[in-house]
Structure formats: structure tokens, C-alpha cells
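Please look over the sequence and the model shown here before reading on.

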Amino acid sequence: MEASENLMHIIHSSFTGGGIHFATPISSLRTNELALVRGVLQMLQGLSSSLFNWDDKSHCFHFKRGIYVTHLSQTSLYRILDQFLYAATCLQLVDIAVTKIEKSKGSPPPTLRAFSCSVSTCLRRIRDVALKEEVKVNSSNGCIALSILGLSSSLSSVCSGAEYLFQIVDGAIPQFYLEIDPYLPAAEIAFQILNHLYLKLNEVCLVQGGEEDAYRMLLYIFVGSLLPYIETLDSWLFQGTLDDPFEEMFFVANKKVAIEEAEFWDKSYQLRSTKPEKLILADFLSDFPEKKDKTGRPSISSSNVAVANEETKKDSQLCPFFIKDVAKAIISAGKSLQLIRHAPITSLIAVSSDKFEDGYNIAGLTLSEVFCVSLTALIGYGDHVSEYLSQDASFSISNVESKNFWQKLLDDTLAQKGNTGLVLSSQNGAINPQKYCPENPAITVCCGILEENRDAWSSLNISQAFNLPPLNDEWLRQAIFRDNSGHGLNTDYTSGFQFGELECLRFLEDAKILEAVLPFPTLLPCFQEDLQMSEVLPFQNNCTLPSKTLRWIQNVEPKSTPPPAAIIQECLIFYIKKQADYIGRIMLSKLLHDWKLMDELGVLRAIYLLGSGDMLQHFLSVIFNKLDKGESLDDDFELNTLLQESIRNSADNVLLSTPDSLVVSVSRSPGFGEDEQNSPSISTPHKGRNQSSGMDVLDSLKFTYKVSWPLEVIANAEAMRKYNQVMSCLLKIKRAKFVLDKARRWMWKDKGTATIKRKRYWLLEQKLLHFVDAFHNYVMDRVYHNAWRELCEGVAAAGTLDEAIEVHESYLLSIQRQCFVVPDKLWGLIASRINSILGLALDFYSIQQTLSSGGAISTVKARCEKEVERIEKQFDDCMAFLLRILSVKLNVGQFPHLAALVTRINYNCFYMSDAGILMPVPGSATSRK
């Protein structure tokens with residue numbers, strides 16, 4: 001008391017000169033430093049005491065107001081205690097969050113549950129530091145004098161770790177989720193947690209010396225939270241099974257689409273997206289104002305949450321940042337596995353199923369196991385093991401003399417995987433222990449003890465102990481619940497069995513069965529502090545190795561602190577791409593050999609690109625003749641009968657499995673007749689017939705070919721629509737050539753006087769025929785030959801089914817563009833002029849048909865002459881327009897095939913000079929003027 005009074009007097013005198021008297025502190029609030037230190041240590045462990053208590057309303061720790069120590073002013077003391085209060089509050093809030101997650105309604109999703117377990121482990125490690133300090137203080141019996149200032153220095157890492165742990169939890173699981181317990185889809189929760197941890201790890205990776213604790217803690221939580229996600233990816237990439245009962249993956253299965261359907265590839269599995277009416281995490285945060293704790297510090301900022309959700313608003317797909325680049329490849333790989341397994345094997349050329357199944361691993365490890373091995377090598381030693389771990393060959397490091405932790409971990413895992421399924425066997429009455437016994441995990445732990453004490457096996461073996469009661473406890477039940485008036489039953493088995501020979505044999509048989517099912521049932525391992533379950537239980541995939549890796553991360557001094565992008569790329573993305581490429585190669589092998597992709601595309605080429613002129617020759621001849629007679633094409637049955645007859649009589653009928661695999665139908669759109677009436681018509685003596693038999697009537701013919709499964713994923717309904725567009729263009733060219741050849745035969749039969757008018761007819765017919773022939777040769781050369789060669793080269797170079805589909809789509813776009821049926825403004829202008837010229841050929845044919853049937857009448861001849869002049873003028877205008885458009889250097893530079901078309905239709909610069917000047921055509925209406 002003397003010392004305290006002197007201290008207070010000195011402080012009083014230094015500030016007031018002795019003129020003002022300070023109030024004397026209440027003696028009951030004075031505390032000694034030992035009690036204060038113990039209270040602080042207990043508070044850090046989440047315990048309340050007489051000096052520190054937890055307030056459930058304000059959710060923070062408080063110290064007893066007015067407490068003081070003799071050698072510190074209250075201001076200094078309170079400043080020291082504030083940091084402990086804040087640290088203890090952070091730890092307690094983390095503890096509350098973990099408890100709420102564990103006790104939430106229903107089972108939490110795997111990622112959330114793994115995050116909670118990882119955070120709980122970090123929380124326990126931080127509190128264990130305070131526990132050890134308390135044990136040290138209590139066991140010293142006053143020998144160790146630990147001051148509050150010394151405690152502040154020694155527990156600085158605990159305070160910083162507590163604050164950082166709270167930042168992690170508060171950013172990954174915002175407070176609103178724990179307060180109002182809203183329903184959020186598991187996919188959004190996993191997306192938020194993994195993205196937040198990824199961003200935080202990217203911030204902390206550039207640490208300075210001695211600041212690795214934060215990196216190590218965050219890496220532990222990130223890896224622990226990511227493992228369930230990787231396990232789901234493993235089942236999808238290596239088995240083709242989406243094992244996602246909580247629906248937290250970034251893609252979702254559409255169960256309405258069966259694998260046998262043509263839409264399977266496009267619609268069966270799609271990227272999961274947030275629904276527009278659902279809010280994401282940052283939207284909830286805006287409803288909660290910033291709070292400050294009792295220390296005056298603002299609540300932990302959720303800037304990372306906002307950043308993550310800004311990205312989500314821009315892209316509504318719930319795919320974590322770090323796998324977004326390979327998301328499409330991941331989905332395609334699993335769908336390919338399903339197709340391979342479901343499709344029948346029709347060829348021995350392809351890879352056998354046994355060999356394919358053997359490739360379903362990476363050096364015998366699962367994806368999560370190889371991720372952990374690569375992570376330990378990268379973080380602890382800076383080694384890159386991705387180049388050693390291969391799908392195609394087993395990995396061995398037996399020639400390495402000094403093995404690192406990751407090498408020993410890999411060796412142990414491969415050795416245990418090789419002994420999977422072995423149990424204790426009994427030979428000649430002796431039990432031979434193996435590596436582990438799945439029925440009794442205690443044997444796994446006590447395997448070494450059993451080897452050292454073989455003499456004790458007989459006493460541990462229940463078949464050697466005849467003094468045990470039988471499995472049939474009916475006698476015991478009768479002895480316990482029997483009527484008191486009855487005779488007593490002997491239940492003493494210490495001196496042997498009171499049974500006959502049959503009962504004894506039955507008991508021995510039961511004992512043998514029990515021994516086989518549960519050997520050494522009384523064996524118990526010795527107690528070990530902090531023993532991991534993975535070390536007690538038998539080896540399990542995706543469990544034992546990851547558990548050892550997480551334990552190693554907690555204690556390792558990292559050689560380097562790589563950013564998360566490098567970790568994910570080296571330890572996960574590399575193997576995902578490797579597996580996806582492997583599946584892609586198998587899928588392409590199946591497509592080309594088992595399922596005969598190119599043969600099927602060759603059939604489509606022969607049908608829709610008129611590659612087999614013999615197959616549809618009879619059908620087209622009859623159709624064109626019917627149109628010339630003015631007959632309508634409205635009978636599907638008649639058309640299909642004619643088509644099948646044409647196929648059966650064709651030399652190429654072997655291309656189709658059955659004649660009825662190709663079906664033709666007539667589309668009857670409501671506005672079709674109106675379009676015909678509104679289209680520019682030609683006034684000829686056969687106008688009525690041309691209205692119903694013009695070129696556009698061929699657009700109504702739709703050919704349907706049933707592509708064999710699973711090639712429907714490539715030649716789907718959209719692809720068949722594009723094939724029909726190209727075929728419609730080719731049929732128009734075919735008909736124009738057909739009618740011009742027919743008109744030529746009529747002109748040759750009429751060998752009258754070679755008048756100027758007749759020469760004009762011949763010249764016009766030659767110009768029309770030259771254009772049709774030139775355009776037909778261009779189409780067949782570019783579409784039928786060049787585009788097909790590019791398709792074959794592209795499919796041969798493709799690595800996955802997606803790439804093969806892209807090659808086929810590019811092929812379709814190429815032939816559409818070269819036939820000018822692409823819905824584009826420029827291509828529409830060119831196509832309109834080409835169709836006009838093809839229509840002029842049909843008009844010219846109608847004129848010749850009129851002249852050959854009734855050309856002696858003068859009025860008919862006059863009308864025909866006017867029509868010829870009109871056709872000639874329209875043809876010259878269309879050619880001039882086409883040559884100007886096609887000769888533009890920009891268009892030619894972008895699409896080289898246009899230059900080939902210009903060369904063919906402007907042969908010998910007949911219509912336009914090399915300088916781009918239109919030449920006067922001899923005999924044309926323009927030149928005569």
C-alpha cells in the first residue's frame with residue numbers, strides 16, 4: 001500500500017503541483033496482474049470470468065469497469081486490454097458462426113461444411129496457444145511472473161491471427177446469412193466462399209519474412225474448402241457421373257433430355273446461372289449498416305464480396321473464377337464419357353473398354369489426391385511434379401535416395417492403394433495380419449504391436465476362449481426374466497460349457513464366423529493426443545492423403561508463397577486439361593472408327609450437296625417435268641414414293657441403309673402463297689403456270705435424313721436446316737440448267753432462217769447458259785470439293801467432340817456463304833441478283849416453249865420479243881451489279897472465293913475489264929442504244 005500511495009502521489013504532484021486532490025480508486029476494483037493475465041487467457045479461449053464477460057446483445061467481450069493495477073494507469077491498461085477484447089471477440093464471433101453452420105437446418109452443403117471444419121481447426125489452434133500459456137502460468141506456482149505487457153507481446157500473433165480469421169469468415173459468410181438464416185442455393189454459397197478465399201489468398205501471397213502465418217492459415221482454409229469441389233469434379237471427369245446431391249457445382253443436369261436424344265449434347269448439361277429474381281450476397285449486405293465494436297473499429301469490410309458479386313452481375317454464371325477458362329472442357333469431358341459408355345461398340349479398331357477404363361486415373365491417384373501431392377511439392381519444396389504424374393504410365397520414385405515429404409506421401413499412398421482389399425487371413429489355424437483390416441480399424445493402428453507380440457495372438461483370438469457365453473443368449477434371457485418359482489438355470493460359463501456336443505460344435509462354428517468378421521475384437525490402440533482419424537481408419541480414397549496434407553500445411557514453413565493462380569494452374573487445371581484431352585482423343589477415335597463419322601457426313605454430302613447425281617436424277621427429272629406442266633407439289637406420299645424408287649434404281653443406293661431413311665416433305669407456310677404473289681412476276685403467255693411453278697417453289701421441298709445416333713450431336717436439327725438451304729440453292733441451279741438445255745433442243749429443232757432476232761435469242765441463251773454453268777461449276781468446285789477437303793482436315797486435327805462440332809459448323813457456314821444463303825445483308829444482295837438470273841432462265845424457257853407450240857401468231861411473237869428484250873436488259877443489269885459487288889477489293893480480300901466466282905462468270909473479261917470498267921456486250925439492248 002505504501003508503494004501504491006507513493007506512485008499515486010508522484011502522479012498527482014507531477015500534474016497538479018499538489019493543489020488538486022485525485023479521487024482515491026475503489027480498493028475492491030484493484031486486481032493483481034496474475035488474475036488479469038488468467039482472465040485474458042481464458043477470454044481468448046471463449047470463457048467468461050469475474051473480470052471479463054461475454055455480452056450476448058452486443059456480441060462482444062467487456063471487462064469489468066473500474067479495474068486497475070497499481071503500476072499502470074487506467075488509460076494504458078484499457079488500451080492493452082482493448083486489443084485482447086477485440087481478438088477474443090473475433091474468435092468468439094467465429095465460434096458462433098461455425099456453430100450456427102453446424103446446427104443449421106438440414107445438412108450444410110459440402111463446401112460450406114468443409115469451410116466450417118477448416119475454420120474450426122484454425123480457431124482451435126489459435127485458442128490452443130492461449131491454453132498452453134494458461135497451463136504454463138498455472139503450473140508455475142508463481143515462479144513465472146507473466147505481466148500483462150509481456151502477454152501483449154507474446155500473444156501478438158494470436159491477436160493478429162484472430163482478427164484475420166474473422167476477416168476470412170466475415171467475407172466468405174457475411175453476417176446477414178448467420179443472423180436471418182436465408183435460403184441460398186448451395187451453388188451460390190460455394191461460389192461465394194471459393195471466390196472470396198481465392199481473392200484473399202491472392203492479396204496475402206506477397207508476404208514478407210515472418211508473416212507466413214496468414215498465408216498458411218488462408219491456404220489451409222482454401223484447400224480444405226476446395227477439396228469437396230474437386231471430389232465432385234473427379235467423379236465427373238473420370239467416371240462421367242455428376243455426384244452433386246446438393247447442386248453446388250457450376251453446371252446442372254437437365255433430366256428432361258435423355259442421352260439418346262439429338263439435343264443431348266447441347267441441352268443435357270448447362271452452366272448454372274443465377275436467376276434474375278434472386279439476389280446475390282452483396283445485395284443482402286447493402287441492407288446492413290456498418291457496425292462498430294466497442295473498440296471503435298469498424299466492422300470488417302466486405303469489399304471482396306462486392307468485387308466478387310460485381311463479377312457475378314456481369315456474368316451470371318456461378319462458376320468460380322479459377323476454373324472459368326476450362327468450364328466448357330470439363331462439361332464436355334463428362335458428356336463424352338457418358339456417350340462412350342452408352343453407345344454400343346461396333347468396331348474392334350477403336351480402343352477397347354478395358355484399356356479405356358485403365359486410363360481413368362492419374363498415376364493411380366484421384367484428382368483430389370494428385371492435387372494434394374502437387375501442392376505439397378510446390379509449396380514445401382518448389383518442385384513441379386505435373387511432368388512426372390501421367391495417365392499413361394505408373395509413377396515411381398523408388399530410385400530417389402533422399403525423399404521429401406511429398407515423395408514419401410506418394411509412396412505410402414501408392415503402396416496402400418496396392419494393398420486395398422486385403423484382410424487378415426487364417427491359414428492352418430494361424431492368423432496372418434496384412435496392412436489393415438477394414439472391419440476393425442484398431443488393427444491398422446496396432447499392426448506393429450501385433451507383429452512384435454505374436455505370442456499373444458492366441459489369447460486375443462476369441463475362438464481359443466471357450467469360457468465365453470454363446471451368441472444365442474436365450475438361456476441368459478430366461479435366467480434373468482424367469483419365473484421365481486422355476487428351477488434355477490446354470491449361467492456360469494467360467495468352468496466350461498454346459499451343453500451337449502451339438503451345441504458345442506455350433507458355438508465353435510459361430511466363434512469362427514465371428515473371428516473372420518471381426519478378428520481381435522478386444523484389441524484397442526493406445527491413446528494418442530491429437531491423433532487424426534485418417535491415421536486410425538483404413539486407407540480411403542479422397543480422405544487419407546488429403547487429411548495428411550492439411551495437417552502438413554498447418555506446420556510447414558513454405559519455401560515459397562505462390563499466388564493462387566499458380567497453385568490452381570499447376571496442381572489442378574493441368575490435370576483437368578490432361579484428362580479432358582485424353583477423353584477427347586478417345587472420343588474422336590470412337591467417332592472416326594466405331595461410329596463412322598466421315599462416312600455419315602459423306603452420305604449427307606451425297607444427298608444435300610447433290611454429290612451423287614445418280615441417286616436423285618430420276619426424282620428431279622420427274623419433279624422438273626411436273627413443274628413445267630404446271631402441276632403442284634402437294635402430295636407427300638407421291639413424292640416419297642417417287643424418291644424411294646429413284647434411290648432403289650440408283651447405283652449409289654448402297655449409301656443409305658434403307659431407301660426410306662431419306663424422306664421429302666412439302667412445307668406449307670401460311671404466307672407462302674402471298675410471297676409468290678408479291679414477288680416480281682414475269683408477263684409471259686404462261687404466267688398462270690409460272691406462278692405455281694417458279695424457282696421459289698423448290699424452297700418448299702424439305703429433305704429429312706435420319707442420322708444414326710450418337711452422330712446426331714453433330715448433325716443436329718439446326719445442321720439439317722442449313723443443309724436444306726444449300727440443297728435448295730443447288731436445286732434451283734439444277735433446274736435452271738435443266739430448262740436451258742431443254743430450250744436449246746427446241747431452238748436446234750427450229751432451223752429456220754438465221755435472222756437478227758434469232759441470233760439475239762441464241763446469244764441470250766448462251767449468256768444465260770454460260771452464267772448457270774459457271775455458277776454451277778463454281779459451287780461444285782468450292783462447296784463440294786474444297787469445303788469437303790477442309791472439313792476432313794479439320795476433323796482429323798480436332799482434339800475433342802466440341803472441336804469436331806465447331807469444324808462441322810464452320811463447314812456448314814462456309815458452304816452457306818459460298819452458295820449465298822447466309823442471312824447477311826451483303827450476301828442477301830448477291831443472292832437476290834443470282835436468283836433473278838435463275839428466274840430469267842426459267843422465263844426464257846417459257847418463251848421458247850410458247851414459240852415452239854404457237855409461235856406462228858404475230859401477236860404472240862411480238863409479246864415474246866418484248867419479253868426477250870426485258871430479260872436481256874434485266875440480265876445485263878444483274879451482271880453489272882454482281883460484278884461491281886464481287887470485284888470490290890475489300891470483299892475479295894475477306895472472302896477469296898468471290899474472286900473465283902468473278903473469274904468464272906466474267907470469262908475473258910467479257911463483261912468487265914481488269915480495270916473494273918464495264919464492257920459493252922455485243923448484241924445487248926444497252927449496246928444497241
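## Cysteines

Cys60 counts as buried, since its relative accessibility is 6%. This belongs to a predicted model, and the structure holds 0 disulfides.

Cys729 is likewise buried, at 10% relative accessibility. The closest cysteine sulfur to that of Cys729 belongs to Cys819 and lies 4.5 Å away, which is too far for a bond because a disulfide needs the two sulfur atoms to be within 2.5 Å.

## Nonpolar cores

The largest nonpolar core of the model has 241 residues, and those with the most contacts inside it are Phe250 and Leu367. Helix α31, which covers residues 756-797, gives the most to this core, with 17 residues. Apart from this core lies another one of 6 residues, including Cys446, Leu450, Trp457 and Phe520.

If its neighbours within four places in sequence are left aside, Phe250 is in contact with a list of residues that includes Tyr229, Leu233, Leu271, Leu318, Cys319, Pro320 and Ile323. Gln270 and Arg272 are also among the contacts of Phe250.

Gln45 is found in the loop between helix α2 (33-44) and strand β1 (52-55), and it counts as buried because its relative accessible area of 15% is under the 20% cut-off.

The side chain of Gln45 reaches the backbone oxygen of Leu41 at 3.1 Å, and it also makes a polar contact with the side chain of Glu134, at 2.6 Å. Leaving aside neighbours within four places in sequence, Gln45 is in contact with Arg127, Ala130, Leu131 and Glu134.

Definitions and conventions
Residues are numbered from 1 along each chain as its sequence is written. This is a predicted model: local features need pLDDT of at least 70, side-chain atom pairs count only at pLDDT 80 or more; totals for chains, interfaces and linings use all residues. Side-chain values use heavy atoms; hydrogens and water are left out. Helices (H or I, at least four residues) and strands (E, at least two) are DSSP runs, numbered from the N terminus. Buried means under 20% relative accessible area, exposed over 50%, partly exposed in between (1.4 Å probe, protein chains only). A polar contact is a pair of N or O atoms within 3.5 Å; within protein, one must be able to donate a hydrogen and the other to accept it, and residues adjacent in sequence count only if both atoms are side-chain atoms. Contact means heavy atoms within 4.5 Å. A nonpolar core is a set of buried Ala, Val, Leu, Ile, Met, Phe, Trp, Tyr and Cys residues joined through side-chain atoms within 4.5 Å.
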